[in-house]
Amino acid sequence: MPTIFQIPTFIQILEFIGTFAFAISGIRLASAKQFDWFGAYVAGVAVAIGGGTIRDVLLDVTPFWMTNPIYLICSALALLWVIFFRKHLIHMHNTFFIFDSIGLALFTVVGISKTIDLGYAFWVAIIMGTMTGAAGGVIRDVFINEIPLIFRKEIYAMACVIGGVIYWGLDRLGVDAALTQVISGCCIFVVRALAVKYQICLPILKGE
Amino acid sequence: MPTIFQIPTFIQILEFIGTFAFAISGIRLASAKQFDWFGAYVAGVAVAIGGGTIRDVLLDVTPFWMTNPIYLICSALALLWVIFFRKHLIHMHNTFFIFDSIGLALFTVVGISKTIDLGYAFWVAIIMGTMTGAAGGVIRDVFINEIPLIFRKEIYAMACVIGGVIYWGLDRLGVDAALTQVISGCCIFVVRALAVKYQICLPILKGE
Amino acid sequence: MPTIFQIPTFIQILEFIGTFAFAISGIRLASAKQFDWFGAYVAGVAVAIGGGTIRDVLLDVTPFWMTNPIYLICSALALLWVIFFRKHLIHMHNTFFIFDSIGLALFTVVGISKTIDLGYAFWVAIIMGTMTGAAGGVIRDVFINEIPLIFRKEIYAMACVIGGVIYWGLDRLGVDAALTQVISGCCIFVVRALAVKYQICLPILKGE
């Protein structure tokens, strides 16, 4: 029986929320560029599954979304949501920021954990975790023909890197795996939230 | 003996026509952006083999063009064709539309069939078929620094999806595999032709 | 003991120089687009390892940089270099041109050699060699939202192709493998240097 007909676990609920929020971010930016419904769906899917797909291709495992349709269904629901509740989106800015940050935290931790389980070094796992969280947004920005946002603004990928280093530290200290994942996920969430609240940015690289 | 010295089958002739037309579409758009011959060739190759390459990487099989040079030779012929017969291209608009639609139909059916043969679910196969047909054009548009055309205009990828659903339906009904492929390929061709003739588009996603 | 603590071989020194120069090229173009430090690092890494990563994904082997952190460390040093010695970069134009050409030559030869060792045909190896040398710059240009430079200017990828054909010719003539690699690498270097010095370009493809 497919997962969606079982009672979902807490992690699955978080994953659904994160996928939904990631897809919404792609669909909203697509709508600003006059994409049609198909294009908007692809932009949403790109954010929701793009990072994990690149990770799985590099790790040489079957891309995660090819074994369970839930991620594409979730992105389709996000498209319907934008079509029907478009006018309310602006009032839900904070909600979506929280959902998106949950997704970032969860996807990063999932990416790190999967890479470690496959026997790679920790520095590879941190890169894979960061890619899982942040590379989808880069693909989205390539599709909408803009310079990727995370290369110029916001502590976004750096939150993943920081969370990854904390994951590594806790693992080294012998902390329980589940606890390690919860703590490093929370750190990613908090770092990103603080960075947005206090408008903390990385320095811009000055030209010649 | 390599395939090109044998008498080609009907499918191989269709594949050659499709590859040629796909490559032409990349080369023509490249010429509008002042690409040099090398850049134009890469743009042509990207359309001709890009979609199938992404499919094969996701399916974890050797990219199809790495085992037979015919696809790259065919793209090179397309480049020569544009260099020498540039001025006649405008009069051949309808011919190229037909060739391009043959390519779209054939590549989609090939992508679906290959994915099914590897044991994946039908919904994965429909996505892979659509990618085989349509993703090359997305790569081309990224190279020429434009928003991908299929995200904003034309029933193009949707024709692949419709053909894929018909493929699935016929397969379910127990129709012979070859007949299933011919019918669904024809449907893709017809859907695209009708969409262009009657200017049928998907709705644009309105912004906030 | 990791490679970096051993006395490096001559090839490793060349590889380090090439990686450094490739990363510098990504970081400099990123700085012109107001990237932050993270974005500039990603742009540098994209040039340094992007081509080899695409090659390894197509060849279905583990991407080379995932087994040795030296390439990412080298890119990080390139970022620090640009941050601290930014003002001197303009005076080092010729040095970087030479380093970059060394990288192009070495990466191409490494790409050809690796592909041959995996049992692929020579024409596949030449393509993989050219990708190893030139595809990273394409990814960089997609990230900074420009039409890839090598599609419009400079004999860059063509130098790789010419070097690849020479590699094939020498191999056919039964020349020793090491000598074949040195000669074809030098040819790539020389072809590129001559092309830049005498401003030799491929013809632009004229539009309709």
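In this predicted model, A:Ser101 touches A:Phe189 and A:Arg192, leaving aside residues up to four places away in sequence. A:Ser101 lies in helix H4 of chain A, which covers residues 93–117. Is this residue buried or exposed? A:Ser101 counts as buried because its relative accessibility is 1%, and the cut-off for a buried residue is under 20%.

When residues up to four places away in sequence are not counted, B:Ile200 touches B:Ile155, B:Leu194 and B:Ala195. B:Lys114 stands 86 residues from B:Ile200 along the chain, and the C-alpha atoms of these two residues are separated by 30 Å.

In soluble globular proteins, nonpolar side chains tend to be buried together. The largest nonpolar core of this model holds 183 residues. Which of its members touch the most other members? They are A:Trp65, B:Trp65 and C:Trp65. Helix H2 of chain A (residues 37–59) supplies the largest share of this core, namely twelve residues. The surroundings of A:Trp65 can be followed in detail. Within chain A, A:Trp65 touches A:Ile49, A:Thr53, A:Tyr71 and A:Leu72, while from chain B it touches B:Leu58, B:Trp123, B:Ile127 and B:Met128, again not counting residues up to four places away in sequence.

The last topic is the interface of chain C and chain B. Here 28 residues of chain C are in contact with 32 residues of chain B. The size of an interface is often given as the accessible area lost when the parts come together. For chain C and chain B, the area buried between them is about 2,600 Å², with 70% of it on carbon and sulfur atoms. Which elements of chain C give two or more residues to the side that touches chain B? They are helix H2 (37–59), helix H5 (122–143) and helix H6 (157–172) of chain C. H5(C) gives the most, with six residues. By type, the residues on this side of chain C divide into 20 nonpolar, two polar and six charged. Between chain C and chain B, the count of salt bridges is zero, whereas four residue pairs are in polar contact, with both residues at pLDDT 80 or more.

Methods: Residues are numbered from 1 along each chain as its sequence is written. Chains are lettered from A and ligands numbered from 1 in the order in which they are written. Side-chain values use heavy atoms; hydrogens and water are left out. A nonpolar core is a set of buried Ala, Val, Leu, Ile, Met, Phe, Trp, Tyr and Cys residues joined through side-chain atoms within 4.5 Å. Buried means under 20% relative accessible area, exposed over 50%, partly exposed in between (1.4 Å probe, protein chains only). Helices (H or I, at least four residues) and strands (E, at least two) are DSSP runs, numbered from the N terminus. Contact means heavy atoms within 4.5 Å. Buried area is the accessible area (1.4 Å probe) that two parts lose on being put together, summed over both. A salt bridge is a side-chain nitrogen of Lys or Arg within 4 Å of a carboxyl oxygen of Asp or Glu. A polar contact is a pair of N or O atoms within 3.5 Å; within protein, one must be able to donate a hydrogen and the other to accept it, and residues adjacent in sequence count only if both atoms are side-chain atoms. Ala, Val, Leu, Ile, Met, Phe, Trp, Tyr, Cys and Pro count as nonpolar, Asp, Glu, Lys and Arg as charged, and the others, Gly among them, as polar.
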